[in-house]
Amino acid sequence: MGTRWSAILYAPPDADIPALDIALARAVDRVDRQMSTWKPDSDLMRLNAASPGAWVSLPRELMQVLTKGLEIGRLSGGAFDIGVGRLVNAWGFGATGSIPDKEAIQAALRDRLPPTHTVLELDAPGARARKHAQFDLDLSGIAKGFAVDEMMRTVKAFGISDGLVGLDGELEASGTTPDGTPWRIAVEKPDYELRSPLGTIELQDAAVATSGDYRHWIEVGGTRLSHTMDRLRGGPIDNAIASVSVVASSCMEADAWSTALMVLGPTEGRALAEKHGFDALLVERSDGALRQIGIGRIFEAVSSGAPLSGRLLDNLSL
């Protein structure tokens, strides 16, 4: 998936760490082999290549991610959309090229598609899916979060209850550190040049994901364009949002919702987060400065100017 995974664990003396290391690598590799748009033979690319109306058998994990992706697509009013693969490629963020393709962009603007949750049909009992229109799926806004969930599931299968696993900007914590305190997580400052923390939060049995405009972008005509696609615009988002962090019970949900709020922007994103009771931090670029919008008990003090900090208790649910 173009990045590295990591795990920090406090394991019992009899834990088979070499076997766990192999199992974690296999868990991440399985997600990559099923859901990558950079591997022509991945299961996702088989579905992309299929003709509309043709059923395609898919592995359990991919079906699970597609199901959640369509659900969050509906709940977000189409802001989160897993069918923006053509836009991703057209604007130079996919496997087909690194610069915008003017003709492909014009074609995408001309042939706008309806929300993917209205044109992708899933048959869960049969573990298969079919498209009702010609479009390309891209799971970059949810697959990494799912991979983190799979890593944590693997860790717990080895009898380890205290750990922190991560993949890129997605992290999931289980249990506590040895002194009984939650895991302290840094939220990165959305800076194009430097890597530094904006602040920290504390996680216990929960996950956090951050989406931003400051790591993957292109410059066109002197303007930086984010890799996050807005299906309604037919291209990169343009709403002043620099980053969004979401805390949730699963990393897959945190990953997808952080992308949805990025697309919606500060006003609509805040309204949706408040409607669903999310813990979220929206960081907006405003007049050369960063303005923080905190929602939920973890981040709510941020909007009033307090330092970013917080603590997540057990049993968080969306």
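Leaving aside neighbours within four places in sequence, which residues is leucine 47 in contact with?

1. **Basis.** This is a predicted model; local features need pLDDT of at least 70, side-chain atom pairs count only at pLDDT 80 or more, and totals for chains, interfaces and linings use all residues. Residues are numbered from 1 along each chain as its sequence is written, and side-chain values use heavy atoms, with hydrogens and water left out.

2. **Leucine 47.** The partners are Val56, Leu58, Leu66, Ala129, Lys131 and Leu137, once neighbours within four places in sequence are set aside. Contact here means heavy atoms within 4.5 Å. Leucine 47 sits in helix H2 (residues 43–49). Helices (H or I, at least four residues) and strands (E, at least two) are DSSP runs, numbered from the N terminus. The relative accessibility of leucine 47 is 0%, so it counts as buried. The cut-offs are: buried under 20% relative accessible area, exposed over 50%, partly exposed in between (1.4 Å probe, protein chains only). Aspartate 136 is 89 residues away along the chain, yet its C-alpha atom is separated from that of leucine 47 by 8.4 Å.

3. **Nonpolar cores.** A nonpolar core is a set of buried Ala, Val, Leu, Ile, Met, Phe, Trp, Tyr and Cys residues joined through side-chain atoms within 4.5 Å. The largest has 62 residues, and Leu66, Leu139 and Leu261 have the most contacts inside it. Helix H7 gives the largest share of this core, twelve residues. A second, separate core has 14 residues, among them Ile201, Ala206, Leu281 and Val283. Back in the largest core, Leu66 is one of the residues with the most contacts. Leucine 66 touches Leu47, Leu58, Ile82, Leu120, Leu122, Leu137 and Leu139, not counting residues up to four places away in sequence.

4. **Seven-stranded sheet.** The order is S1-S5-S6-S9-S14-S15-S16, the sheet is open, and the pairing is antiparallel. Two strands pair if DSSP finds at least two bridges between them. Strand S1 (5–10) and strand S16 (289–295) are at the edges with a single partner strand each, so one side of each has no neighbour in the sheet. From one strand to the next the twist averages 10°. Helix H7 (residues 251–276) packs on this sheet and touches strand S6 (170–174), strand S9 (206–212), strand S14 (241–248), strand S15 (279–286) and S16; its direction makes about 125° with that of S14. Axes are lines fitted to C-alpha atoms, for helices over the stretch in contact, and angles run from 0 to 180 degrees between N-to-C directions.

5. S1 pairs with strand S5 (residues 162–167) over six bridges, in the antiparallel sense. Tryptophan 5 is opposite leucine 167 in S5. S5 and S6 are joined by five bridges, with leucine 171 in S6 as the bridge partner of glycine 166. S6 and S9 are joined by four; there, glutamate 170 has alanine 209 in S9 as its bridge partner. Four of the five residues of S6 are buried, so S6 is largely enclosed by the rest of the structure.

6. **Positive phi.** Aspartate 205 has phi near 55°, positive in a residue other than glycine. Aspartate 205 lies in the loop between strand S8 (197–203) and S9, and is partly exposed at 34% relative accessibility. Alanine 240 has a positive phi near 75°. Alanine 240 is in the loop between strand S13 (235–236) and S14, and is partly exposed at 35%.

7. **Three-stranded sheet.** This open sheet has the order S2-S4-S3, with antiparallel pairing. Strand S2 (56–57) and strand S3 (120–123) are the edge strands, each with a single partner strand. Four bridges join S3 to strand S4 (residues 128–131). Leucine 122 has alanine 129 in S4 as its bridge partner. Helix H3 (residues 60–75) lies across S3 and S4, at about 130° to S3.

8. **Helix pair.** The axes of helix H1 (residues 17–35) and helix H6 (residues 143–157) come within 9 Å and cross at roughly 155°. H1 and H6 are therefore roughly antiparallel (angles over 145 degrees; under 35 is roughly parallel, 65 to 115 roughly perpendicular, the rest oblique). Residues in contact include Leu20 and Met35 in H1, and Ala143 and Val155 in H6.
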